[in-house]
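Open your viewer and get ready to click along. Each stop on this tour gives you something to select and tells you what to look for.

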Amino acid sequence: MTTLIYKKSDKMIVGTVTPPQPVDLELQSILNSELGGDLDDYGTVEAPPKTSDEIWVVAEDGSVSSVANPATVARKAAQASAQTKLQALGFTDEEIKALSL
């Protein structure tokens, strides 16, 4: 199970830890980095499984969930729009597929 380390002030995820890496070691590295601060500035939470098209988000209450990656959603929307426009110009599905290689 992956453990997320996040800043309590803005819920930004600043580190991920997977076994056998110890959470304490990663927290110390974060404290020694440009992020700095005190140990009390950071929280940890166990992350649920996610797909490669998702990202983790820490809620105000400190719970974590996985949501669709906005970059992936935007890319898929742009691809669908481009395909529609190319079809309107008379490109075949095979030609459109060849363009995406």
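This is a predicted model: local features need pLDDT of at least 70, side-chain atom pairs count only at pLDDT 80 or more; totals for chains, interfaces and linings use all residues.

Start by selecting Leu89, in the loop that runs between helix 2 (70-88) and helix 3 (93-99). Is Leu89 buried or exposed? Leu89 is exposed, with a relative accessible area of 67%.

The average pLDDT of the protein is 93, and 99% of the residues score at least 70. Where is confidence lowest, and where is it highest? Helix 3 has the lowest mean, 89, while strand 1 (residues 3-7) has the highest, at 97.

Next, go to Lys7 and show its side chain along with that of Asp10. These two form a salt bridge, and their closest N and O atoms are 3.8 Å apart. Lys7 is partly exposed, at 21% relative accessible area, and Asp10 is also partly exposed, at 42%.

Step along to Lys11, in the loop between strand 1 and strand 2. Check the backbone here: phi of Lys11 is near 65°, a positive value in a residue other than glycine. Lys11 counts as buried because its relative accessibility is 15%, and the cut-off for buried is under 20%.

Now select Pro19 and Pro20. The peptide bond from Pro19 to Pro20 is cis, with omega near 10°. Pro20 belongs to the loop between strand 2 (13-17) and helix 1 (23-32).

For the next stop, display Lys50 and Trp56. Look for the charged end of Lys50 over the ring of Trp56, 4.9 Å from the ring centre.

Finish with Asp53 and Lys76, whose side chains meet in a salt bridge at 3.6 Å, N to O. Asp53 lies in the loop between strand 3 (42-46) and strand 4 (54-58) and Lys76 lies in helix 2, so this pair ties together parts that are 23 residues apart in sequence. Asp53 is partly exposed at 33% relative accessibility, and Lys76 is partly exposed at 45%. How many salt bridges does the count come to? The count comes to two salt bridges, and you have now visited Lys7 with Asp10 and Asp53 with Lys76.

How values were computed: Residues are numbered from 1 along each chain as its sequence is written. Side-chain values use heavy atoms; hydrogens and water are left out. Helices (H or I, at least four residues) and strands (E, at least two) are DSSP runs, numbered from the N terminus. Buried means under 20% relative accessible area, exposed over 50%, partly exposed in between (1.4 Å probe, protein chains only). pLDDT is the predictor's confidence in each residue, from 0 to 100. A charge sits over a ring if NZ of Lys or CZ of Arg is within 6 Å of the ring centre and within 35 degrees of the ring normal. A salt bridge is a side-chain nitrogen of Lys or Arg within 4 Å of a carboxyl oxygen of Asp or Glu.
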